[in-house]
Amino acid sequence: MNRPQDLLESYGASDPLFVVGQWLADADGVLPEPRAMALATVSLRGLPSVRMVLLRGLDARGFTWYTNFSSRKGTELLATPVASLVLHHQGFERQIRAEGPVVVVDRDEANDYFSKRPRGHQLSAWASAQSQPLPVLAELLEREAEAIKRFSGVEVPRPDYWGGFRLEPTVIELWQGRANRLHDRIRFDRTEAGWSVERLQP
Ligand SMILES: Cc1cc2nc3c(=O)[nH]c(=O)nc-3n(C[C@H](O)[C@H](O)[C@H](O)COP(=O)(O)O)c2cc1C
């Protein structure tokens, strides 16, 4: 697969988010879930807390994903709005790490995204109180049936407790595997003047 020998030579030192976009484009249609990322938050007790989510938006502002605000991750992010995330593109030998403050995606953007989701996914956002205990599975299916009935014949609105978060990266590290574990690692730090760049030992 396409494996540049030197990241800075290949992409220049300008904008790591542009490179992330390139890497996602390389992986689209080739890897099964190129947008799956491990998202680490800070628990209410100050401990690490990690799970997978899907990257649903990438632009100059940062990395966006959608979830339930009352879920464990939602509660943690609202209490401590910082996160780090990592994507792994196996086969391309690439890793993308990012960290920084997290903001809530504005209503219009969240509504727009929600309106484009498959109806079944929209209904499950109403049926699932994500991260709350579920004594029996049948209860979830009952709540789905209730949502189907409630929104029969109308568009499913976005629940207030469901929306997006965006990590606005202050640090991005790009990792490109190379032979004999002499991997290329470039760390980008956001500064007032743009991104500062340094290469790290593998
Ligand atoms: C590949 C993959 C992608 C996922 N994407 C999302 C997602 O985009 N949003 C989400 O809320 N949960 C997603 N999940 C489920 C989460 O990993 C997690 O189980 C759920 O959000 C509850 O996490 P929490 O209790 O820490 O809030 C995904 C799981 C996997 C395995």
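Visitor: What is the volume of the largest pocket?
Guide: The model is predicted, with local features needing pLDDT of at least 70 and side-chain atom pairs pLDDT 80 or more, while totals for chains, interfaces and linings use all residues. Residues are numbered from 1 along each chain as its sequence is written, and side-chain values use heavy atoms, without hydrogens and water. A pocket is an open set of points, on a 1 Å grid over the protein atoms alone, where a 1.4 Å probe fits and protein lies on both sides within 12 Å along at least five of seven lines. The space filled by probe spheres set on such points is the volume, which for the largest pocket is about 370 Å³.

Visitor: Which residues of the lining lie nearest the centre of the largest pocket?
Guide: Lining residues have an atom within 4 Å of a point, and the largest pocket has 16 of them. Strand S2 (48-54), strand S4 (62-68) and helix H5 (119-127) each give two or more residues to this lining; helices (H or I, at least four residues) and strands (E, at least two) are DSSP runs numbered from the N terminus. Nearest the centre lie Tyr-66, Thr-67, Arg-117, Gln-130 and Trp-162.

Visitor: Which side chain has a polar atom 2.6 Å from an oxygen atom of the ligand?
Guide: The residues around the ligand (a heavy atom within 4 Å) include Ser-71, Gln-130 and Ser-131. A polar contact is a pair of N or O atoms within 3.5 Å; the side chain of Ser-71 places a polar atom 3.3 Å from a ligand oxygen, and for Gln-130 the distance from an N or O atom is 3.0 Å. The distance of 2.6 Å belongs to Ser-131.

Visitor: Is Asn-68 buried or exposed?
Guide: Asn-68 lies in strand S4, and its side chain reaches the backbone nitrogen of Ser-70 at 2.7 Å. Beyond its neighbours within four places in sequence, Asn-68 is in contact (heavy atoms within 4.5 Å) with Gly-74, Ser-128, Ala-129, Gln-130, Tyr-161 and Trp-162. Buried means under 20% relative accessible area and exposed over 50% (1.4 Å probe, protein chains only). With a relative accessible area of 4%, Asn-68 is therefore buried.

Visitor: Which elements do the buried residues of H5 pack against?
Guide: In H5, the buried residues are Gln-122, Leu-123, Ala-125 and Ala-127. They pack against helix H4 (107-115), helix H6 (137-150) and strand S7 (162-167).

Visitor: What percentage of the residues in the protein is buried?
Guide: The protein has 6 helices and 10 strands. Of its 202 residues, the buried ones make up 39%.

Methods. A polar contact is a pair of N or O atoms within 3.5 Å; within protein, one must be able to donate a hydrogen and the other to accept it, and residues adjacent in sequence count only if both atoms are side-chain atoms.
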